[in-house]
Amino acid sequence: MSRIESAFKEKAFVAFLTAGDPSMEKSEEYIGRLIDGGADVIEIGIPFSDPIAEGPVIQSANVRALRNGANLSKVFELVKNVRKKYKETPIVFLTYINPVYKYGAENFFKKCSEIGADGIIVPDMPFEERGEISEAAEKYGIDIVPLIAPTSEDRIKLISQVAQGYIYIVSSMGVTGMRSEIKTDIASIVETVRKYSDKPTAVGFGINKPEQATKYSAIADGVIVGSAIVKIIERLGENAGDELYNYAKEMKEACLKAE
């Protein structure tokens, strides 16, 4: 059983942060605190100058990380260090296609395998173009985690049938960010996905409160939280560890209420 499969044996809390915000050293610490608090999967955003799927909170984190000297080599080293201590928690990169192309797909996925990464999410890669990286990803055992949005409609079948790892259900139109209300019919999307795939589903884009975690974990197999975590880091900077731990604990407990 893969690390990702094991992570979804119960309702999963997937936690996102941007590598290098406020520093690589702190990112390593904060990943550990999130895992210790209950995060089942860690998504690590690779800082990029044009993160088109992100709202203002994560955009600002990308800017801060790049200003602090974040680069792909340092992100790889970060994951390598995390993996020394946390051997079973899945680590999934969220990146844009440009850094993968620039590094070279073959080299990128080889490196992912060497450092212990499990998957990749590429928001700006159309489904029809996944073949550009799928061969190299498969060669090195890295899952390409697909996104299914409210606008996917007839493409849900196609996307679900080739899904790897887990399926990222985008809860709302637009960019990432905390939302007080989600109006998308998530249940209908998840029901359709399950007709064509046995991969776990996790709902993201807007989830930030425990009651949302419970609600959507009851529908899907877990939830993904990014902006709320990045906002804690933005607010507390070098001193965010305790609050991240407490937040992860609260959200994980909320997910398990849906069991």
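In this predicted model, pLDDT stays under 50 over residues 173-183. Over the chain, pLDDT averages 92, and 95% of the residues score at least 70.

The second largest pocket holds about 210 Å³ of space. Its lining includes Ile 46, Pro 47, Phe 48 and Ser 49, together with Leu 66, Ala 70, Asn 71 and Leu 72. Asn 98, Pro 99, Lys 102 and Tyr 103 also line the second largest pocket. Helix H5 (residues 97-103) supplies the largest share of this lining, four residues. The classes of the lining residues are tabulated here.

| Class in the lining of the second largest pocket | Residues |
|---|---|
| nonpolar | eight residues |
| polar | three residues |

The whole structure contains nine aromatic pairs. One of them joins Phe 48 and Tyr 96, with 5.5 Å centre to centre and 20 degrees between the planes. This pair counts as stacked, because planes under 30 degrees apart are classed that way. Phe 48 sits in the loop between strand E2 (41-45) and helix H3 (56-67), and Tyr 96 in the loop between strand E3 (91-94) and H5, so the pair ties together parts that are 48 residues apart in sequence. Both Phe 48 and Tyr 96 are buried. Phe 48 is also one of the residues lining the second largest pocket.

Ring pairs also link Phe 76, Phe 93, Tyr 103, Phe 108 and Phe 109 into a cluster. Of these, Tyr 103 is among the residues that line the second largest pocket.

Technical notes: Residues are numbered from 1 along each chain as its sequence is written. This is a predicted model: local features need pLDDT of at least 70, side-chain atom pairs count only at pLDDT 80 or more; totals for chains, interfaces and linings use all residues. Side-chain values use heavy atoms; hydrogens and water are left out. On a 1 Å grid over the protein atoms alone, a cavity is a set of points where a 1.4 Å probe fits but cannot get out, and a pocket is an open set with protein on both sides within 12 Å along at least five of seven lines; lining residues have an atom within 4 Å of a point. Grid points are joined across faces, edges and corners, and a volume is the space filled by probe spheres set on the points. Helices (H or I, at least four residues) and strands (E, at least two) are DSSP runs, numbered from the N terminus. Ala, Val, Leu, Ile, Met, Phe, Trp, Tyr, Cys and Pro count as nonpolar, Asp, Glu, Lys and Arg as charged, and the others, Gly among them, as polar. pLDDT is the predictor's confidence in each residue, from 0 to 100. Contact means heavy atoms within 4.5 Å. Rings of Phe, Tyr and Trp (its six-membered ring) pair if their centres lie within 6.5 Å; planes under 30 degrees apart count as stacked, over 60 as edge-to-face and the rest as tilted. Buried means under 20% relative accessible area, exposed over 50%, partly exposed in between (1.4 Å probe, protein chains only).
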